[in-house]
Amino acid sequence: MSPTITTSSEANGNVSAATARAAASAAASADAAGPQPVTMAKALNTALADAMHADSSVLVFGEDVGLLGGVFRITDGLTATFGEQRCFDTPLAESGIVGMAVGMAINGMRPVIEMQFDAFAYPAFEQIVSHVAKMHNRTRGAVKLPLVIRIPYGGGIGGVEHHCDSSEAYYAHTAGLKVYTPATVADGYRMLREAIDSDDPVVFMEPKKMYWTKDSVDLGELRRLHEEGTTAGEGSEGRAAVARPGTDATLIAYGPSVPTALAAAEAAALEGRSLEVIDVRTIVPFDDETVAASVRKTGRAVVIAEAHGFASVSSEIVARVQERCFHHLAAPIRRVTGFDVPYPAPKLEKYYLPGVDRILDAVDDLQWED
Amino acid sequence: MTISANHTAPDTARNTGPDNALTEAVKKFGITVEDYMLPARHQIQMVDPEGRLKPEGEQGTQPGHEYPVPGDKELLEAYEQLVVGRRVNDQNSALVRQGRMAVYPSSHGQEACQVAAALCLGDGDWMFPTYRDAVAVMTRGVDPVQVMTIFRGDWHGGYDPLQYKVGIQSTPLTTQLLHAVGVAHAAKLRGEDTVVLAMCGDGATSEGDFHEALNFAAVFHLPVIFFVQNNKYAISVPLAHQSAAPSLAHKAVGYGMAGERVDGNDVVALLAVLDRAVALCRDGSGPLLVEANTYRMQAHTNADDDTRYRESAEVAEWRAKDPVNRMRTYLTGRGILDDDGEARIRAKAEAVAAQLREGLGEDVPVDPQELFRHVFAVQTPQLKEQSAFLADELARDAASDSDSKEAGK
Ligand SMILES: Cc1ncc(C[n+]2csc(CCOP(=O)(O)OP(=O)(O)O)c2C)c(N)n1
Ligand SMILES: [Mg+2]
């Protein structure tokens, strides 16, 4: 096919929503198979393809994302389907990738760019902090930057140095960025589409150990809901999910820690303790209400994250819950996080990562005797 | 020497060889690709410091590096902008001394570069300037008072980049070059013939984003002109500490693009070189790198003391090469400029200076709520809370102020 590329329908350009809608419904009729076992990787890949169908200003680029389909295959088939103009490899230069995306977004495009691994996004830090995060503010809202920076993050895959960092705090700390991190296959699809539609820049943190996680998901239905705008106004942004209801204590987790928290809750249930698990979903903006409501109800909380605990997203969550729930708390809020050491070598990561036992120990410490 | 294929064209197989627009351009000039990319042996200079047009054979041109002298109308307009630019530079420096502006990095001495950078572009083209390029931004048509907002200190940028097709003056060195690349790339994908001029200084060429931007522009064959004002210093550090290259223009060949050096105090040569660079970019033979050889006549900013790192004799030497005087002499000698014309241009420059004094003479009331208004396109609940907190704090302050006034009655 020879795609015509037009200006983004939402930001910094002229409206071409009608053509976008037409393309979208064509894509939507493609599969209607009902719930199927789907991997997170497939959900993300489908979200990218659907977004590219829906809006010709959506472009995908990065390192090895073209012919190869990305080292994790998240961009698989996009070049074949949409052509080399809309999904392409760049020179190896992360600042270049982000900086060029900024310029493209200024000039009417919606770039979705891939950083190959968490630690390889660091060369782009200046562009992200000084421009991606500040452009809208600096121009008093005249210039919107509808771009998505996808970052595979976190450990648990036996990766060597520089391939397992939990870098979310750097982005969450930077005013002007939104930070999403899905923890279910369905959220992988939903949240990536919402991120691409957003007129704000989104750092989209993908828990890489969950790329091969399978859930039974109806992608056709998710696509239909998204494109009919049924989810508009009740999207995922700023909305945490109760991943498992419970009554005795709240486990607060995001991204790769959510399945660990769920496993801990399952184990606790066998011991007769009912744990509620909250999946934060978007770190920025943070859903204070859902989290606080849960902790007020249970009176006890443990925050779980792979990242180092010091000056982290987990410390921010503890502070916020404490400010809002102090009089409802039966015990100090506990954290189970990575130690304050560089991410360890593969044979040591099991000692570093938050695991079920460490979470259950923390839960046991929540002063149940009083 | 082969040039790689256009990687982004879907209908071009990978590595198909040298038949792209650049090679076509080279064929047209009858020289090798290498001779096309390497800067001419001498910098291009058309009018010498004494204001005399140089004989054609001595302008530094050579096959494939030929430049026609721009037309009289363009030159007269450039002179007018030079005079206005000089006046604006000096007016702004005065406003800083009076405390009306926080800082002003003056381009005094570099006005020819400033003016040519703006005048070479068409309405649909884009410019990405640095902190030093306020005069270029104004010459592009942005309201002078809006340009100075960034230096007055009530907001980070005073104009709408989309309206003027001018990026916000960038401070983090060379980061803006990548934005220029992105704007050009987006335009190219849509089949538009936009040209983008991206500006930086000599010291900034050491930054990583300079390298990444030139490489991206060359690999994607984008219509970007990288315009480097070599004013010999990066704050206190002379160029020899930044680069061991034969010239900054020579860096172009390493990326696979053409480079050229030009006398940055000769607006005639600058316009000639930049006009052709724009034309080459417009028909697909970009990107290009143009190095302008100029001098920063004043300190880096008002906060800097340049006597700590350079000799006054050096500054005096460059004063004799002044771009404004040189152009006046040249145009007067050619009969293009007379006393009436000079008086009209001076009056215009004074009017712009008055506009600046007036526009910057008064404090614009700032709105504290603006702190929160533009951080996101879609506001977060946390910022709504913080905005309410500040509103409440201000309301309480106001109430206690009026209470104490009551009590004092
Ligand atoms: C990334 C970055 N590092 C350092 C600075 C501080 N700084 C501002 S201007 C400047 C010198 C730049 O020199 P040059 O590129 O030659 O431009 P000129 O100021 O001479 O126009 C420096 C070091 C900065 N703005 N950005
Ligand atoms: Mg300099």
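The model is predicted: local features need pLDDT of at least 70, side-chain atom pairs count only at pLDDT 80 or more, and totals for chains, interfaces and linings use all residues. Residues are numbered from 1 along each chain as its sequence is written, chains are lettered from A and ligands numbered from 1 in the order in which they are written, and side-chain values use heavy atoms, with hydrogens and water left out.

**Ligand 1**

Ligand 1 lies between chains A and B. Its shell holds 16 residues, the closest being B:Tyr131, B:Arg132, B:Asp202, B:Ala204 and B:Tyr233. A residue is near a molecule if one of its heavy atoms lies within 4 Å of it. By class, the shell has seven nonpolar, five polar and four charged residues. Here Ala, Val, Leu, Ile, Met, Phe, Trp, Tyr, Cys and Pro count as nonpolar, Asp, Glu, Lys and Arg as charged, and the others, Gly among them, as polar.

| Residue | Protein atom | Distance to a ligand 1 oxygen |
|---|---|---|
| B:Tyr131 | polar side-chain atom | 2.7 Å |
| B:Arg132 | polar side-chain atom | 2.7 Å |
| B:Gly203 | backbone N or O atom | 2.9 Å |

Taken alone, ligand 1 exposes 580 Å², and the protein buries 75% of that. These areas come from the Shrake-Rupley method with a 1.4 Å probe.

**Magnesium ion**

Ligand 2 is a magnesium ion, with protein donors B:Asp202 (OD), B:Asn231 (OD1) and B:Tyr233 (O) lying 2.0 Å from it. Donors are N, O and S atoms within 2.8 Å of the metal (3.2 Å for Na, K and Ca); water is not among the atoms, so the site may look incomplete. The donor spacing in sequence is D-x28-N-x1-Y. B:Asp202 sits in the loop between strand E2 (196-201) and helix H9 (208-219) of chain B, and B:Tyr233 in strand E4 (residues 233-234), so the pair ties together parts 31 residues apart in sequence. Helices (H or I, at least four residues) and strands (E, at least two) are DSSP runs, numbered from the N terminus. Both B:Asp202 and B:Tyr233 are buried, that is, under 20% relative accessible area with a 1.4 Å probe, protein chains only.

**Helix H4 of chain B**

Helix H4 (residues 111-119) of chain B is mostly covered: nine of its nine residues are buried. Among them are B:Glu111, B:Gln114 and B:Leu119.

**Chain A overall**

Chain A has 14 helices and 14 strands. Of its 370 residues, 61% count as buried. Its C-alpha trace spans about 70 × 45 × 40 Å along the principal axes.

Technical notes
A polar contact is a pair of N or O atoms within 3.5 Å; within protein, one must be able to donate a hydrogen and the other to accept it, and residues adjacent in sequence count only if both atoms are side-chain atoms. Buried means under 20% relative accessible area, exposed over 50%, partly exposed in between (1.4 Å probe, protein chains only).
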